[in-house]
Each structure stands twice: as C-alpha cells, then as structure tokens.
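Dear colleague,

I am passing the structure below on to you, together with some notes on what was found in it. Please read the notes with the coordinates open beside them.

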Amino acid sequence: SYYFHPVLVPLMPHIHSLTSDYIADTSILEWYDGGSVFQYQIDFSWQIQILRKDPMEEIALETYNNTSVGSKDTLLRWEWTSDLPFNCTTHYFRIRCFLNEKNFAGRKMWSDWSPLVNISGSTGKVPKMYPLDKVVTVGSNVTFCCVYGSGYTFSSMNYASCKTLKCEIAPLTNWSKTISVQNVISGPSGDINGWCKVRKEEEDKNFITGTVLFVGYPPSVPQNLSCETQNFKEIACHWEEERFTLLCGSRKTQYALFEGNSGKNISCASPRCKYYYCNFTTQKDQTEYNFTLHASNHLGQTEASLLIDIRHRVYPHTPTDLRVSSVTSATFRLSFSLPGNFKETKLQCQVQISNGTSQEERNVLLNDSGNSRYTILVDKLHPFTKYNFRVRCATPKPFFWKWSDWSMKKTHTTQQAQPARELDIWREKDANEDTVTLFWKPLPILESNGVIETYEVYWTLPDKSTKNESVPASHNSTKINLGKNDYIFTVKAKNKAGVSPPSSINSAELPAGDIFIEKGIGKDDSISVAWHPDSNVTCGYVVRWCYGPEPCTAVNWEKFSSSVTNADIKSAVFQPGVRYTFSIFGCKENGYQILGYIKGYIQELSPKTAPDFSVQHTTSDSIVIKWKNISVEDSRGFLQGYLLKCAKGEKDGPTPKYFKPEINVTDLNQDVLTVSGLQGKTSYHLTFRAYTAAGSGPVNTLNVVTKENALGLIIAIIIPVSVVLVLAVVTGFLCYRKREWIKEVFYPDIPNPEHSKALDFPRDSEGNSNSKTLEMNPCT
C-alpha cells in the first residue's frame, strides 16, 4: 500500500530590484513577501545567497527573518556591504523562502531559488585597480583587485604597507587578481598608494595603474563645547577635537550646529589651526539656546549638546578708541568704544591704573549707552603723575561670565598742584663767620606735585621788615649773614601751581650743658642711637650727622618728637668700617642746644693697619716699647686693645715657633709697655697688633737684642780666679808638708858612678883599672 506524505513548499520568490553603490560597495536588495495569498499571519524566513568568480562560488549566505507575512504583499528591503569592490568582478544575488507554519504536520521545504540578478564588474578594457579612493578605519582588512581585459598579461601588484606586512596575491578571474591587506595603517598624510602593473601584448609595453586608500578614524565626540556672545547679535561656539581623524580635504570631519528651540541648523566653517568654531545668529526675544553639534565623516558621526542662557555667556569685545578729557590735577574723564547691546545685563568695566610704582584696578557699573560709547570718571589721582591705564569689561553679577581682553594702553599726565607738605629743614651756624647755612630736603615727586621752580626763604629783621631770598631748585641750601643777630627763618617750595606750607627754624644756638658721648650699636643696615631725655625740650630732638669730615658740606638729619629718645638711623650711604658721629640737638623755646654725641659703625671691621711701635730702651732683662695710636679711619671699629708677642729669634731668621704668653693691653690711654723677665745679650722677635670687636688687624714686627749683664760678667771672672788661688795655696801647703817624699819620688839623689859595683873592674899591678872597651860588631 502507498501512503501520501504532504510537503509544504512555498512559491519561488522574485527579486524586485537590486541597487548598488560602487563607491561604498553596498547593495540594496528588495522583494515582495507574497503575503497576499495568505489570509492570516504566517512566519517566513528568507535566505539571500551572494556568488561571484568564474565559475561562481558562494561567498555569503545571509538569513532574513520576517514574522509578519499575510493579508497583503509587503516590500522587503535588505542591505549588504561587500568586502570586495563590485568593480572587481560580477556579484550575483538570489533568494529563497521558508514557510514556518506551526499547524502543518508534514515536511517543510525551502522554495526554489529565485532567478539570479547581478551587479556587473568592470569590463577591464582599461586596466584599473579597485577600490578607488576608498575611506576605511585604521586597522581594517582591505582587499584590492586589479582588473584588466584580454590582450593584457598580469605582471605584479603591491600595496605600500606590504613592505612590512605579508600580503597575499590570489587570482579572482581570468582577467583579475586580488591582494589582501590586514590591519591597514595610515600614512603621513592619511593616504597610502596601491598599484598594479600589466603588460600589453600587442604593444609590448608595461601599463601601471593604481589607487589611493584613505585610512583614518571616525569623528570623536566634540570636547569642551562652549558658546558665548560678544554683542548679543551673534553666538560663537567653539570646541576641541579629541583625536585627529587623519582625514583631510573632502574627507575631513564636517560639523553642523543645530539649535533646538528655533529649529535652525547651520553648517560650520572649516577649522583654522585646530581651532573649531561655529557662529549662530541670535533669535529675537530668545535668551535660552539648546545647541547640538553634529560631527560626521565617511567613517561615522557623533554629537555633543549644550544648553545655555545667553545672558550668562557674555564675552565682550575689547574696548577701543580710548580718549582722555577734562584733565585736572586729580581727575580725568576716560571714554571708549564697545559695540553690543547690554540693556538687559548692564555693563561692568574695570580700569587698570598704574604710575610705574603702584597699580590698582577700579570697577565701574555702566548702563547701556545706546551708541556703544562709554565714559568713566577717574578720580583720586595724584597731581603731576604720568599714568598708564587700560580698560576691560564684562557683564556684572549674576550674569558674569568672563572679562574681555584688555584694551590698548593709554598714557596721560595729570596737572600740577601746590606742594603737599612743608619742607624738612635744618641749619648750621658758623660763629666765626657770623653766618648760618640753611639746609632742606627736596620733596619726593609724590609730594612736590609738580616741578619745583624755586625755594623761597623769608626772615624778619629787627626793624620788623621782612627779607626774602629765592634759591634755584637745583640747590638745597643757602648761606645767610646773621649780623650778630638770630632770626626765625621760613622756607617754602614753589611750583607753577603754588607754594608748600611754611617750614620755620630758629638760628639761635643755646649754650651747651653737660655733653654726653656714647657709642651707637650697628644693626644690619642701620645704627641704633639713644639719648637721655631732657625735660626742657619742647619741640623735639634732631639727630644730625655727616658722611664726610667736618666742616660738613652735605649735612644729614632726622627729626623726632619730644617723647622719642632712641632711633635706628638708616642710610644707603653708610659703609662698614666707617665711624659716624651723630650730634643730638634738643629743640627748645629759644633755639637749639647740643646735648651730646653718639659714635657708631654700621658694622665694625678689624683694623686696617698695624700700630707703629718702637723700642725706647733695653736692659739686660727687659725691653720697653712705645707706640702711636691707630687713626680712626684705619681702626675701622672701636679699638679694644693691643696684643704683644715675644720670642727668642734672630733678625732675618725664621719666625719663632715658641712665644711667651701674649700680653693684652686694654688701657687705650697707655702707649708704653715694659716686657721683663728676659735674658741679657739675647735677640728677641716682637709682634704687635691692634684689635676691635671684629678681630685683630695686621702685625708689625721688631727684632731687639738685650744688653749684656755687667755684674754677671764680674762674678764670672772672680769665681774662677778665686778657685785657682785657693787651689794654689792648698797645693803649696801640701807640697811643703810632703817635700821629702816628693823629693824622693820625683827628685831622687843621683848616685856617683864611681861608687857603682857594676863598674868595679879589676886593677892591674900598678893599681890601674883594667877597663875594657865595648866593641860593637855588625850583625850578620
């Protein structure tokens, strides 16, 4: 028996259209799903097959699922991108479907394949390499092909980065070859060349074709997007590119700015030197703006958003055309131009004022001028002072965003005014010449308030008449004949605007009382002086000093109130090792009285020279020396004493190694010293030096020989003579006592030879001696 097994096979589908993009190598396939033949919804699946080469090979099999088929025919759309350029070879497409009917119990099968449709490749009449000018992401895998027609023979094919990477060349068809490049990189300018060489057989010559691959990155999200306005007419937005895409020209990133509230969209200009910006025209009666910045290139797109209230994003233009008017000694009016409409926010401007020694900034709140011209009153200035000033502006709080750039500097000088204070004056009286010299300190530039032309000196004569004298501005003293009288002198400084307040001083010199003399203490860059208070002083104290020897031609002084009894005197002229004498005057009702003197150094140094000393006389056991005191200039400090060293040593010989204990002379009134305990007729080496608190000075040396000791010489002679005499007496006495023994030992009696038995020879008959003669025979 036979059983029937039902099989469900859908109708063969048909491709409606195939659209191709040869630049992007993408294709769009469209077909109808055939749903009109079904009365209810049925699940369908589709397969799309792509083939190429000759003979054809399947290179892709894609599945497309559509779960809503039924009741009507629906056009389906599917997009595909090829890894091989369409120009390299013909690409074929076909589809089939599968019906997923859940209620059908039998066998289900795919439909037949639809008729093939294709995208035609290049004919190869002219050899070419593909893809042409394609843009890809760094790290992509790219396949190139070289297409040529009949009559050409393939020679070689290459790509720039294949010098370091392994690239595989493979045949595609009879008239084309491919080369695959893995992980492409960018060249120095973002583009890399590929080339293909074929040989034309008829002409027997090579033909080279090529292509350029642009390698880069998709745009990154714009960084630090910021928008601001300078004049409420235009909004300037700017941002930064996080990463350079490596793509230039027509392939670079394109930016567009979209504003959501108004719906306006504008294209942004090309960046200048990596400065990215876009200008958007403000909308009437709109303060809030919702910006979206779109960035796109061939490889992708990104965006960044920003919501702002334009009143809080005002960055004004730089003020220009600064002008000065209505100048006085303390004020002037400053005007400038600044375009923009600031009615809603007002305008806050800052004026920077400097005079070379100080600088300040002043803030001024201004209303919108309506004509872009603003005026500021600048006051509290100093007379006759050259000022540099500049301006910048911003919107005030709560709208403050940032200051504008500073304007160009403007320079102007205020007018003169009369001097601000009285002169500091002093007088030096010369009793011998019956004159007084008035001194005054020139006013500082900030107190003279202009150019001093003259100094006016006034005094009243005994007949109540007034006398005056004009002193040129180049002088700071004048000598006046007193004529046996004392006067109260008044001095004023005069410029074009007027004279200073008067400064008066009495020329009278009161008799001196008990005058004190003390030492000042040097401290860093000053000398500290102190004096005893005087209850009779009513108008203060004056400390007077001179930098050079007396009489002083350039007097210096400082004045103090009656309650002050000490001060630190400073001067840039003070030098270490120089003694300065300060005279302390008390100002009393009828004149000035000298109270005392204070001497001091800013810093003590060791003496500059050695004291000059000489030997007054010598004895056999002592030396007396005398010296001259060192001058004040050479001592360079307060002398504390003298040091003397003494040691045995020959003149012009080496310096002795062993000295007697050092003698320290601390009595500065002493100028004679006796060195005792020495030996007579001995050469001594003397060294003498002075010292201050800072140390000892140079050494002066002398060599001295002590005198011979007479008593010692006499004793040295008498003692030996006495010893000799005593010995002589004792010896004589002993010799007398032992004379017989001495005679026997040293001076015995000489015997007569005739009585010697040794010479007793026999005698003859006549009684004559028979002496014999001793004869010497030669030795043999």
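Predicted model: local features only at pLDDT ≥ 70, side-chain atom pairs only at ≥ 80, totals over all residues.

Residues are numbered from 1 along each chain as its sequence is written, and side-chain values use heavy atoms, with hydrogens and water left out.

The structure holds 24 salt bridges, a salt bridge being a side-chain nitrogen of Lys or Arg within 4 Å of a carboxyl oxygen of Asp or Glu. One of them joins D25 to K134, with the closest N and O atoms 3.7 Å apart. Because D25 lies in the loop between β2 (15-21) and β3 (26-32) while K134 belongs to strand β11 (residues 134-137), this pair ties together parts that are 109 residues apart in sequence. Strands here, like helices, are DSSP runs numbered from the N terminus (E, at least two residues, for strands; H or I, at least four, for helices). D25 counts as buried at 1% relative accessibility, and K134 also counts as buried, at 19%; buried means under 20% relative accessible area, exposed means over 50%, and partly exposed is in between (1.4 Å probe, protein chains only).

A second salt bridge links the side chains of D568 and K523, at 3.4 Å from N to O. Since D568 sits in strand β46 (residues 566-570) and K523 in strand β42 (residues 521-523), the pair ties together parts that are 45 residues apart in sequence. D568 is partly exposed, with a relative accessible area of 38%, and K523 is partly exposed at 37%.

R323 and D321 also meet through their side chains in a salt bridge, at 2.9 Å from N to O; R323 counts as partly exposed at 48% relative accessibility, and D321 as partly exposed at 37%. Elsewhere, K200, E203 and K205 are linked in a network of salt bridges.

Turning to the strands, β26 (residues 332-337) runs antiparallel to β29 and is joined to it by six bridges, where two strands pair if DSSP finds at least two bridges between them. Within this pairing, F332 has V378 of β29 as its bridge partner. Strand β29 (residues 373-378) has a covered face made up of Y374, I376 and V378, and an uncovered one made up of R373, T375 and L377.
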